[in-house]
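Please read it alongside the sequence and structure shown here.

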Amino acid sequence: MSDVVITVRGESNARVRAEEAAVRVTVSTDGPTRGPVVERAQERASSVQDGLVAHLRSGEVSEWSSARVSVWSDRPWTSDGAQLPLVHHAAVEVSATFTDAGALSWWLGDVAESDDVQVTAVEWRLSPTTRTRVEREVAADAVHVAVQRASAYADALGLASVVPVEVADAGLLGARPEPAVPLGARTMAAAGAGGPTFSLQPPEIVVTSVVEGRFRAE
């Protein structure tokens with residue numbers, strides 16, 4: 001039997017507990033007079049920032065940032081079409097990366113007690129070092145799976161061995177590649193909240209790698 005070209009796909013994934021959380025909160029105020037509205041937003045944002053500084057010093061926050069105050073005005077309308085007096089608004093977005101779930105829970109519970117503060121996002125993720133390591137591991141394992149699959153096909157055909165010809169991310173070997181499943185990560189479980197304070201547990205992050213391989217069977 002002449003050489004046969006075998007094209008296979010290999011996939012691997014790993015579940016790793018999230019190590020940090022990127023959180024965003026928005027401080028927003030409104031009222032009939034611009035000056036007091038802006039001042040109240042700045043004061044409340046300063047209080048939120050002070051708490052983050054304390055967590056940064058204790059090592060529970062790795063970084064934080066704050067956007068400038070956004071100020072705008074509008075004239076709302078009533079349900080019967082009447083225009084109300086001018087209302088001024090001010091908002092400040094504050095973001096931080098927490099490395100301690102317990103500290104994040106307490107901080108969110110504290111800031112959420114204010115009507116001026118809204119928690120807009122909590123995104124769980126791996127640290128850069130862990131993510132790089134796990135991505136390398138699952139990519140190598142996906143290639144190993146592809147080799148095993150090609151070898152199984154060769155055995156079924158009565159061929160002795162397989163020699164790699166091409167290995168690529170999913171979708172790159174075909175003339176008309178299908179949508180690829182890239183090396184990446186996704187969160188498997190959402191964190192819950194209950195009672196007067198948040199109770200957050202880091203979810204599992206699934207890191208997945210999909211490769212395609214072309215082998216020559218002899």
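**Structural briefing**

The protein chain contains 3 helices and 9 strands. The model is a predicted one. Read from the N terminus, the order of elements is β-β-α-β-β-β-α-β-α-β-β-β.

- Of the 218 residues in the protein chain, 36% count as buried.
- The chain exposes about 12600 Å², and carbon and sulfur atoms supply 50% of that area.
- Among contacts in the protein chain with a separation of 6 or more, 77% are between residues 24 or more positions apart.

**Nonpolar cores**

- The largest nonpolar core comprises 28 residues, and V23, V48, F98, L104 and W107 have the most contacts inside it.
- At least two residues of this core come from each of β2 (20-31), α1 (34-57), β5 (87-98), α2 (101-111), β6 (117-125), α3 (128-156) and β9 (204-217).
- Helix α2 provides the largest share of this core, with 6 residues.
- Leaving aside residues up to four places away in sequence, L104 touches A21, V23, F98, V122, W124 and L200.
- Another core, of 11 residues, lies apart from the one described above; V8, A154, L159 and V162 are among its members.
- In soluble globular proteins, nonpolar side chains tend to be buried together.

**Aromatic pair**

- The structure holds 1 aromatic pair.
- This pair is formed by F98 and W107 in a tilted arrangement, with 5.3 Å from centre to centre and 40° between the planes.
- F98 counts as buried because its relative accessibility is 1%, and W107 is likewise buried, with a relative accessible area of 4%.

**Salt bridges**

- The whole structure contains 9 salt bridges.
- One of them joins D3 and R216, whose closest N and O atoms are 3.6 Å apart.
- D3 lies in the segment before β1 (4-17) and R216 in strand β9, so this pair ties together parts that are 213 residues apart in sequence.
- D3 is partly exposed at 46% relative accessible area, and R216 is also partly exposed, at 31%.
- D3 and R216 also belong, with E218, to a network of salt bridges.
- R9 and E212 form a salt bridge with their closest N and O atoms 2.9 Å apart.
- Because R9 lies in strand β1 and E212 in strand β9, their pairing ties together parts 203 residues apart in sequence.
- R9 is partly exposed, with a relative accessible area of 27%, whereas E212 is buried, at 11%.
- R133 and E137 form a salt bridge with their closest N and O atoms 3.3 Å apart.
- R133 and E137 are 4 residues apart in helix α3, so about one helical turn separates them.

Methods
Residues numbered from 1 in each chain as written. Predicted model: local features only at pLDDT ≥ 70, side-chain atom pairs only at ≥ 80, totals over all residues. Heavy atoms only, no water. Core = buried A, V, L, I, M, F, W, Y, C linked by side-chain atoms within 4.5 Å. Buried < 20%, exposed > 50% of the residue type's maximum accessible area, 1.4 Å probe, protein only. Contact = heavy atoms within 4.5 Å. Phe/Tyr/Trp six-rings, centres within 6.5 Å; stacked < 30°, edge-to-face > 60°. Areas by Shrake-Rupley, 256 points an atom, 1.4 Å probe, with all protein chains shown as cover. Salt bridge = Lys/Arg side-chain N within 4 Å of Asp/Glu carboxyl O.
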